[in-house]
Amino acid sequence: QVQLVESGGGLVQAGGSMRLSCAASGLTFGFYAMGWFRQAPGKEREFVAAIGWSGGSGYYADSAKGRFTISRDNTKNTVYLQMNSLKSEDTAVYYCARDNRRLYGGGWYQSASSYGYWGQGTQVTVSS
C-alpha cells in the first residue's frame, strides 16, 4: 500500500519555525524527486519546494526562498521541510508528493502534474 504521511503541522506564531516531515512507504523513494505543495482556503494548490532524487540544495518558489529548506533522508524514506520566519500567508494545508520521473535531474519540479503520489496533507496555521 502506497503511503505518504505528512506530520509536523500545527499552530505557530508569525516569525516562528516549523518542521514538516513526510514518510513514504510502499513505493520506490530513492530514485525520485520529492516535492512540497500547499493549498490555502479558496486558492489553488501551489508549489513550495522540491528536491532531486539524489538530494542537493533544492528548488523553491519565490515565496519560500530564504525561509524554507527542503531535505531528504533516503535511508529513512523521508523528506522534510524546515520553515522559518513564518508569515500568516504561509497558512495552508501542506502536501508532500513523489515525482513520476525516475532519476530525473532536469530541474523543473514546479508542476503538480509531474507528481503521481500525494500525501493527505497537514495543516499549518500561522497566527499574526
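R98 is buried (under 20% relative accessible area, with exposed meaning over 50% and partly exposed in between, using a 1.4 Å probe and protein chains only), yet R98 has no salt bridge. A salt bridge here is a side-chain nitrogen of Lys or Arg within 4 Å of a carboxyl oxygen of Asp or Glu. The nearest side chain of opposite charge to R98 is D99, 7.0 Å away; Lys and Arg count as positive and Asp and Glu as negative, while His and the chain ends are not counted. This is a predicted model, in which local features need pLDDT of at least 70 and side-chain atom pairs count only at pLDDT 80 or more, while totals for chains, interfaces and linings use all residues. Residues are numbered from 1 along each chain as its sequence is written, and side-chain values use heavy atoms, with hydrogens and water left out.

You can find R98 in strand β9, which covers residues 92–99. Strands (E, at least two residues) and helices (H or I, at least four) are DSSP runs numbered from the N terminus. What does R98 touch, leaving aside its neighbours within four places in sequence? Its contacts (heavy atoms within 4.5 Å) include L4, Y32, M34 and Y117.

Now for the charged pairs that do meet. By the rule above, the count comes to five salt bridges. One of them joins D99 to R101, with the closest N and O atoms 2.6 Å apart. D99 is buried, at 0% relative accessible area, whereas R101 is partly exposed at 23%. Elsewhere, salt bridges that share partners join R38, E46, R67 and D90 into one network.

E46 forms a salt bridge with R38, and their closest N and O atoms are 2.6 Å apart. E46 is partly exposed, with a relative accessible area of 35%, but R38 is buried at 6%. R67 and D90 also meet in a salt bridge, at 2.7 Å from N to O. R67 lies in the loop between β6 (55–60) and β7 (68–73), and D90 in the loop between β8 (78–83) and β9, so the pair ties together parts that are 23 residues apart in sequence. R67 counts as buried at 10% relative accessibility, and D90 does too, at 1%.

From charges we turn to nonpolar side chains. A nonpolar core is a set of buried Ala, Val, Leu, Ile, Met, Phe, Trp, Tyr and Cys residues joined through side-chain atoms within 4.5 Å. The largest has 27 residues, and W36, F68, V79, L81, M83 and Y94 have the most contacts inside it. At least two residues of this core come from each of β3 (18–25), β4 (34–39), β5 (46–52), β7, β8, β9 and β11 (122–127). The strand that gives the most is β3, with four residues. Leaving aside close sequence neighbours within four places, M83 is in contact with residues including L20, R67, F68 and Y94. Apart from this core lies another, of eight residues, among them A33, F37, A50 and A61.

Finally, look for the two cysteines C22 and C96, which form a disulfide with their sulfur atoms 1.9 Å apart. A disulfide is counted when a pair of cysteine sulfur atoms is within 2.5 Å, and the structure holds one. Both C22 and C96 are buried. The torsion about their S-S bond is about 45°, so the disulfide is right-handed. The pair links distant parts of the chain, with C22 in strand β3 and C96 in strand β9, 74 residues apart.
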